[in-house]
Amino acid sequence: MLNIKNLKVAVEGKEILKGINLEVKPGEVHAVMGPNGSGKSTLASALAGNENYEVTEGTVEYKGKDLLDLSPENRAREGLFLGFQYPVEIPGVSMVNFLRTAINEQRKYKNEDPLSAGDFLKLMREKKSLVEIDSDLTSRSVNEGFSGGEKKKNEIFQMALLQPTLSILDETDSGLDIDALRIVANGVNKLKTDKNATVVITHYQRLLDYIVPDYVHVLYKGKIVKSGDKQLAIDLEEKGYEWIRQETGIEV
Amino acid sequence: MASEQDKIINEVTGSDYKFGFETLIETETFPKGLNEDIVKAISKKKKEPDWLTEFRLKAYRHWKTMKMPEWAHLNIPEIDYNDLIYYAAPKQNAKYESIDEVDPELIDTFNKLGIPLEEQKQLAGVAVDAVMDSVSVKTTFTETLADLGIIFCSFSEAVQNYPDLVKKHMGSVVPYTDNYFAALNSAVFSDGSFCYIPKGVRCPMELSTYFRINAANTGQFERTLIVAEDDSYVSYLEGCTAPQRDENQLHAAIVEIVAMERAEVKYSTVQNWFPGDKNGKGGIYNFVTKRGICKGDNSKISWTQVETGSAVTWKYPSCILKGDNSVGEFYSVAVTNNFQQADTGTKMTHIGKNTKSIVVSKGISAGKSENSYRGLVKVLKGAESARNFSQCDSLLLGDKCGAHTFPYLEADNDTAIVEHEATTSKIGEDQILYCNQRGIDTETAIGLIVNGYAKEVLNKLPMEFAVEAQKLLEISLEGSVG
């Protein structure tokens, strides 16, 4: 589904990702871990198409297409979803209006008829219960005045509505208390099928107690230095990133 | 020789303006320039009564003593008032034989606004059949209005048919001495609308929706007078969301509203005149004086405007709250893009007791434009318990545009409560990216954000107007980001 080869990305002329290789297949859950500044969020932003992240080398194939050739909105319409680390507030734009526009833009792209207001509201009610999101939140402006936890829940709620093929969750666990973490993780697990895939980007192993990954990759200084199964995450938690440094022989 | 020379000089300097007004009225278009003969000729051409000719002349003489105001936050190239034509017979509008000859860009905009084909033809100047739907619609509605005693006609017709009403109210809200442009308009006004709602009558329809095509060609110096008698109600729509390609560069209009006891007048405007091209060339200068007086107790006047056009906008729809418990409202969205400049706002003058006013102004600037809100809330001594709330928000797209707020508050009564809130915000790249990432392209995203921002004002527009205005905002800002 997703095949990243030798991806190099620069921000303001400075190379952050120095040759990433990663393959994700349908039905898989991948975790990308790494210390601060290792390039985790850069990977997420580059895949979503943020133009501040310049791809200098490498290829990304997504569902047989050249992902880097698609505009950010077309990447989304092709089923790529990014759960933002810091979801932005959009005052004045109601959640309902925002989400209905998003869904109908996606449907238009696929040559489907727009969803009627009634059908949309029904769909929204259905997905709301999945992430235990307050009814009140969806009647407000996008993320406006939401608490940190509510914003993250809202990301998962949007993911549930848009039904992406590939979800990249960028530090979705940061700033969540244990209850919110459980709700978010449950949401992700319930949305999992054998046709979609998830890439969970996280700093801590904690989230991986709830979302069990098939593969764990350690990102360090712009490269994936170690890959393994969920045990790798546990080892990493115990031994710290210093252990990776020693294991891989990469200097600070 | 000397006497011969003197004779020639005398002839040249002493003779009347060579297009004396008696010959003027034979022609369809007057020569350039403004003088008393031109003013008299306009009046004569329109077969106006003497009092009106006199009114125009007084206004002209007063205008001569005035200077163009310079206090606005506008950069206006000098206007040569003697280089303008002040009267032209209404033109036959049909410029094209079929819609295929019209600029496709214009048609594209019409389609985006969802304007029906027949109406597109009218607006673009294509010859159409006389049996067009809206014509018969117009007739039907004119009959309905007449049955209720409502007068709705052109200003010129009103002068002929209802001279007493016109004489009584014209200039009572905006006297010709009011300001430079009001004086100019009073001297040379071409035509406009007159609307009279008798006692106790609620006008059953939005006035001018069904007439908007016909109302489109009202000319350069428009004059509107609306009189609402006791216990009456009217909602009046001015303008049109379709782009207006007008050859006149200078527009100076006057709108006067008189609301008697318990009367309510809602006045909605959508202005979309040619704003000039992307480099700031051309475009209309729009200098408007709009004012309403809540003359009777418990009356209400509400202004709603969506301003997206014109190169220069100078406009302050205002309310004089004379009657006790009267209410004045001002809801405005002003969009400027490219090199457009707008200085707009309102004046709320509280005279009566328990008078209330609400001001909601939403400025949106993009490109290299300048957008200013200028407002005055004035509470006079006798205005016990007057109450005002003003909210002025500015939204910036990009970093080359400007937004300015000039609020003036003058309260001479201790019991008055005057509140002012202001915010400035920007559409951020991160907001656009967030929308992109959910499959919403940049232009749709800006549309969503801008409409969300302007919602409070758009909600005040009559339904079908609001939908068009929403699309209009999106079109006006096309290409302004990225």
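This is a predicted model: local features need pLDDT of at least 70, side-chain atom pairs count only at pLDDT 80 or more; totals for chains, interfaces and linings use all residues.
Reader: How do you know that domain 1 of chain B is in contact with domain 2 of chain B?

Author: Two residues are in contact if their C-beta atoms, placed from the backbone, lie within 7 Å. By that criterion, 28 residues of domain 1 of chain B are in contact with 23 residues of domain 2 of chain B. Among the elements that supply at least two residues of the domain 1 side are α5 (104-113), β4 (233-239) and α12 (429-437) of chain B. The most comes from β11(B), with four residues.

Reader: How do the residues on that side of domain 1 of chain B divide into nonpolar, polar and charged?

Author: The side of domain 1 of chain B that touches domain 2 of chain B holds 11 nonpolar, 12 polar and five charged residues.

Reader: What makes the seven strands of chain B an open sheet, and which strands stand at the edges?

Author: The strands follow the order β4-β6-β8-β11-β13-β15-β17 (chain B), with parallel pairing. At the edges stand β4 and β17 (417-426) of chain B; each has a single partner strand, so one side of each is left without a neighbour in the sheet. The twist averages 5° from one strand to the next.

Reader: Why is strand β10 of chain A called largely enclosed?

Author: A residue is buried if 20 or more other C-beta atoms lie within 10 Å of its own. Six of the six residues of β10 (residues 197-202) of chain A are buried, so the strand is largely enclosed by the rest of the structure. A:A197, A:V199 and A:I201 point one way, whereas A:T198, A:V200 and A:T202 point the other way.

Reader: Which strands pair with β10(A), and in which sense?

Author: Strand β3 (residues 29-33) of chain A pairs with β10(A) in the parallel sense over five bridges, and A:V32 has A:I201 as its bridge partner. Strand β9 (residues 166-170) of chain A also pairs with β10(A) in the parallel sense over five bridges. There, A:D170 stands opposite A:I201.

Reader: What is the handedness of the crossover from β9(A) to β10(A)?

Author: The chain passes from β9(A) through helix α7 (residues 178-191) of chain A to β10(A), and this β-α-β crossover is right-handed.

Reader: Which strands form the antiparallel sheet of chain A, and why are β2 and β5 of chain A at its edges?

Author: Four strands form this open sheet, in the order β2-β1-β4-β5 (chain A). β2 (14-24) and β5 (65-66) of chain A each have a single partner strand, so one side of each is left without a neighbour in the sheet. Strand β1 (residues 2-11) of chain A pairs with β2(A) over eight bridges in the antiparallel sense, and A:N3 has A:E23 as its bridge partner in β2(A).

Notes: Residues are numbered from 1 along each chain as its sequence is written. Chains are lettered from A and ligands numbered from 1 in the order in which they are written. Ala, Val, Leu, Ile, Met, Phe, Trp, Tyr, Cys and Pro count as nonpolar, Asp, Glu, Lys and Arg as charged, and the others, Gly among them, as polar. A residue is buried if 20 or more other C-beta atoms lie within 10 Å of its own, exposed if 12 or fewer, and partly exposed in between; C-beta atoms are placed from the backbone. Two strands pair if DSSP finds at least two bridges between them. A crossover is right-handed if, with the strands pointing away from the viewer, the path from the first strand over the helix to the second runs clockwise. Axes are lines fitted to C-alpha atoms, for helices over the stretch in contact, and angles run from 0 to 180 degrees between N-to-C directions.
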